[in-house]
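Dear colleague,

I am passing on the structure below, and I would be glad if you could look through it with the notes that follow open beside it.

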Amino acid sequence: RVEYFSTPAPTAALRALHWHSMDIYADILPGRSLGGFALLECYDQRLGLEYAPISTHAIRYSFPNPNDTVELNVDVQTGIIYKISALTNYKGTLLGSIHVGDSIPDVLQNDSSFIYDDFEMAYFSEGSPGVALEPDVYDPWPEDFPYLRIGAITIFDAEYIRNARKLTLDYTC
């Protein structure tokens, strides 16, 4: 059973009692945490989430109810959460004002630190490393740009991703 909290966010003591809690109203902290989960923490198998292998090195876990809230990407060898995504039904904000579903052109007009990476097909922030805005259209054409919305806000630990094979022993749960 997964418990869902609404604002205000639960205290640290309450979180300690509920190892399986998710807070869909929590602020998105680039390179740190999202929804009550922290980057580089061990994934707890007791959560019993739906999962799908995404490569030989990673598994993506998702919450079945409510759907489209949070996805956790976990390194198969270490059990470490290295990437967390806020999806359509996530209610928290990034940098105090950016939500999943917001217009990407509007966000870029207000925050010029986001740069589009054609290879990754996402907008990365130079000002807040460890965060990406993923468009709601996969591999959009240039003429799609005025209509793009944020389909997911993803936080990640770039150093872990870059060095995962070298750091396996240091990070094993």
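R60 counts as partly exposed in this predicted model, because its relative accessibility is 27%, and that value lies between the 20% under which a residue is called buried and the 50% over which it is called exposed. The partner of R60 is E71, with which it forms a salt bridge whose closest N and O atoms are 3.5 Å apart. The two residues are eleven apart, R60 sitting in strand 6 (residues 58-62) and E71 in strand 7 (residues 70-75), so that the pair links distant parts of the chain. E71 is likewise partly exposed, with a relative accessible area of 21%. In general, side chains of opposite charge can pair when their charged atoms come close.

Of its 173 residues, 44% count as buried, and the accessible surface comes to about 9600 Å², of which 52% belongs to carbon and sulfur atoms. Among contacts between residues at least 6 apart in sequence, 47% join residues at least 24 apart.

The next item is the largest pocket, which holds about 680 Å³ of space. Its lining is made up of 30 residues, and those that lie nearest its centre are K83, E120, F124, E134 and T154. Strand 6 and strand 7 are among the elements that give two or more residues to this lining, together with strand 8 (81-86), strand 10 (122-125), strand 11 (131-135), strand 12 (150-156) and helix 3 (158-171). Helix 3 supplies the largest share, six residues. Sorted by class, the lining has 17 nonpolar and ten charged residues, with three polar ones besides.

M121 has a phi near 55 degrees, a positive value in a residue other than glycine, and it lies in the loop between strand 9 (114-117) and strand 10. D139, also a residue other than glycine, has a positive phi near 50 degrees, and its place is the loop between strand 11 and strand 12. As to cover, M121 counts as buried because its relative accessibility is 18%, a value under the 20% cut-off, whereas D139 is partly exposed, with a relative accessible area of 44%.

Lastly, which residues does C42 touch, not counting those up to four places away in sequence? They are G79, I80 and C173. C42 itself is found in the loop between strand 4 (37-38) and strand 5 (50-53), and at 38% relative accessibility it counts as partly exposed. The C-alpha atoms of C42 and T78 are 8.1 Å apart in space, although the two residues are 36 apart in sequence.

With best wishes

Technical notes
Residues are numbered from 1 along each chain as its sequence is written. This is a predicted model: local features need pLDDT of at least 70, side-chain atom pairs count only at pLDDT 80 or more; totals for chains, interfaces and linings use all residues. Side-chain values use heavy atoms; hydrogens and water are left out. A salt bridge is a side-chain nitrogen of Lys or Arg within 4 Å of a carboxyl oxygen of Asp or Glu. Helices (H or I, at least four residues) and strands (E, at least two) are DSSP runs, numbered from the N terminus. Buried means under 20% relative accessible area, exposed over 50%, partly exposed in between (1.4 Å probe, protein chains only). On a 1 Å grid over the protein atoms alone, a cavity is a set of points where a 1.4 Å probe fits but cannot get out, and a pocket is an open set with protein on both sides within 12 Å along at least five of seven lines; lining residues have an atom within 4 Å of a point. Grid points are joined across faces, edges and corners, and a volume is the space filled by probe spheres set on the points. Ala, Val, Leu, Ile, Met, Phe, Trp, Tyr, Cys and Pro count as nonpolar, Asp, Glu, Lys and Arg as charged, and the others, Gly among them, as polar. Contact means heavy atoms within 4.5 Å. Accessible areas come from the Shrake-Rupley method with a 1.4 Å probe; for residues, only the protein chains shown count as cover.
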